[in-house]
Each structure stands twice: as C-alpha cells, then as structure tokens.
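Dear colleague,

I am passing on the structure below, with some notes on what came out of going through it. Please read them alongside the coordinates.

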Amino acid sequence: MPSLADQLALARNRPAGFDYMRIALASTIICLHSANVTLGLGRALEIQSTLRIGIAMILALFFALSGFLVTASLQRCKSLISFLGLRVLRIGPALAVETTLSAVIIGSVFTELPLAQYVADPKFHAYFLNIVGDIHYELPGVFLHNPLPDLVNAQLWTVPYELWCYVVLALLAVTTICFNRVAYLVFLVVVQVALFAYDIYRWDEVPIQLRPHLLVFCFLAGVGFYLWRDKVPYHRTVCLLALVACAAGMATGRGDALAPVPAAYVACYFGLMNPRRSWIVSSGDYSYGLYLYGFVIQQCVAAFGPPVQHWYLNILISLPLAFGVAVASWHLVEKHALGLRSHVETLEAAVLSRIAIIGFWRGSPERGELRANLGNSSASV
C-alpha cells in the first residue's frame, strides 16, 4: 500500500491538490459568509447549525493542511530566524496592505461620520493593530445599517490562532521534539488525551466551528502526518473511514476533540492528489487574498441595500470581485514579499556563522528522511 511519502514523490513534491484545496476552502468560506452579511448573524446561525459537520470541517482542513506544508518549510530552515522570518513574509505584508486599505479607503467611503471625525476616532487607530495580530473588527461609523452591522473583517478572528500555531511549532523545533518523530508522536498523544478530557469537563454549548484550541491541534496533527508520512498509508478507504470519524465527532460537537486527527488525514489525502494544474493555481496562490478581502467586499456589497441583500446575489457579485483583488494582492504584494526570502537566509547565515548555537539541533537519526521539499509552493515558505 502506498504511503503519503510515496504519493508526495509521485507529484515530485509539488502536489496540486493542496493548491486547489486552498482555493476551494477560501471560496467556500466566502459563500458561507454570504448568509451572515445578508441575513444577519442570528438567522444565519440558525441555518448554518443544520450544516454543522461541513462547516466545522472547513477550518479544520485549512489548519491541518497548513501544518503539513509549514513543517516541510521548517525542515529546510536552519534556525528560527528563517522559519519565523518566512512566516512573517508570507502573512505580514498582505495583511498590512489589506488592513490599511480597509481603514483608509473602504472606511472613508462607507463611514457615516465626517472624515475628520472618522480619522480622529480611537477605533480608527486601533484597527491598525490588526497588522500585528491584535484583531479589531470595527471602524467608526462603517456598515452601521448592514444586516450584520459594524463588522468590517470578521474573518480575521483566525489570525491569532494561526500565529499561535507557528509559535508552538517554533517551540517544538527549539526543543527538538518535532525533529524526532517518536517524541512528537508521544507529544501528540498526550495533547490528544488532555484535550478530550478538557472537552468532557467543559461540556458546554457547542459552537458551529471547532473551538480555537482544536484548530491549533488540527495544525499539530498535520505536522504529525508530515513527520510520519512514510509510514501512513495513502488509501481511499482510510480517507472514507476518516471522514466517517470526523462526521461522528462533529455531528453533535461532543466528540470534537477526536476530530482533528482524522480531519488532518482527509486534508493530506486530498492535498496529495495531483490533478492537472490550471491557470488558477499555476499563476499564483490566491487563497490568502480571498481570505483577507472576501468578507469586507461582501459587506461593501451588502451596504448597497435590500436590492442586493440576497445570499446568492452576494456570492455572484462578491466572489469574482474578491478573486480579482486576490490576484492583485498576489502579484503586487505577496509575491514580492516572498522574493525577500533570500535576504532572510543571508541574514541567518551571517548570524549562524557567529553564533552557531542558535541553529536548530537535529540529533535524530531520522534527519535524512525528513528533508522532503515541496518546491516553491507559496504556502510552504
């Protein structure tokens, strides 16, 4: 039976499945948000509660595939300088541009306050803290009369937890745990047991999405599948069983803590497929731009009043606009930011030549087998 590593090798370490998954998941999130921005949060939650399994899976898959891909990047890094530096280049510049455009351009157009009062408002200044992961959702006087009032960029709620994923992985690298896959497996089992016990103890109201700490665990499960990729089978039946396990855990929410590991396998299975690349994935990685700009564009569309406040119209108008802006974000911002990686690596080499002790210590005999390269995929730098 082929393994995940075998499937990765067949795709020459650049499977197209992950690229298509990111686009599909980001687009699906925009479609789901169409109910929020046109019907209001209360009515949207009533409808979405009937789709709990599918909705809970979306972000679980996103975080899991991120864990798999980012671990490949980590294995190529020599220290935290390059690992964290490349994470900042991938996330920071595009987030900074989106935050600035939302505050300066969109906010100025849609605010109901005089421009001078808008710019002087503390909410306007606080909004720029989004750039460093301190998330603020409101701009003064903006979208006050939308079905979902006030919120400008509700999707940014996941940013702090994504940053936590990178911090946790960095700590696991410093302690060498993620460079020894047996040690990492023990760590993963301990965390799994602790999370299951914690969820039983809490036993409170179940949200539609997985709780944030479980999203981080989805990321860590993706890390584990990358480390053990040569031992994990790549098989359709296993994927179907994993989907059943996810559905069983997520159906009521009481088994959410058991869902991240099978969800991570599903993400790896579909991500490691290698369909023919179309221009939508070969010309750039537009998923991050869709994520950043989708919601604010949807709110802008909804602000034009009842004639366009229908979920299907919001999708038909917002999704193409968001994709166009995502294309611009990739080619004007994200791609150029990633082009700075050589400067990060030069800085790292200079520092390590003087202070070698800060480099990652890889004492495990598995070192050689953990050096798969996922190519130039933008999500893995």
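Phe219 is buried, with a relative accessible area of 1%, in what is, please note, a predicted model. Its ring forms an aromatic pair with Tyr166 that is edge-to-face, at 6.1 Å centre to centre and with 70° between the planes. Because Tyr166 lies in helix H8 (residues 159-174) and Phe219 in helix H10 (residues 212-227), the pair ties together parts that are 53 residues apart in sequence. Tyr166 also counts as buried, at 5% relative accessibility.

A stacked pair is formed by Tyr288 and Tyr291, with 6.2 Å centre to centre and 10° between the planes; these two residues are three apart in helix H14 (residues 287-302), and so are separated by about one helical turn. Tyr288 has a relative accessibility of 11%, which counts as buried, and Tyr291 counts as buried at 16%. The count of aromatic pairs comes to 18, and ring pairs also link Phe225, Tyr234, Tyr265, Tyr269 and Phe270 into a cluster.

As for the protein overall, its secondary structure comes to 16 helices and zero strands. The radius of gyration is 21 Å, close to the 21 Å that the globule rule gives for 381 residues, so the protein is as compact as a globular protein of that length. Buried residues make up 52% of the 381 residues, and, among contacts between residues at least 6 apart in sequence, 82% join residues at least 24 apart. The accessible surface comes to about 16,800 Å², of which 69% belongs to carbon and sulfur atoms.

Definitions and conventions:
Residues numbered from 1 in each chain as written. Predicted model: local features only at pLDDT ≥ 70, side-chain atom pairs only at ≥ 80, totals over all residues. Heavy atoms only, no water. Helix = DSSP H or I, 4+ residues; strand = E, 2+ residues; numbered from the N terminus. Rg over C-alpha atoms; globule rule 2.2 N^0.38 Å. Buried < 20%, exposed > 50% of the residue type's maximum accessible area, 1.4 Å probe, protein only. Contact = heavy atoms within 4.5 Å. Areas by Shrake-Rupley, 256 points an atom, 1.4 Å probe, with all protein chains shown as cover. Phe/Tyr/Trp six-rings, centres within 6.5 Å; stacked < 30°, edge-to-face > 60°.
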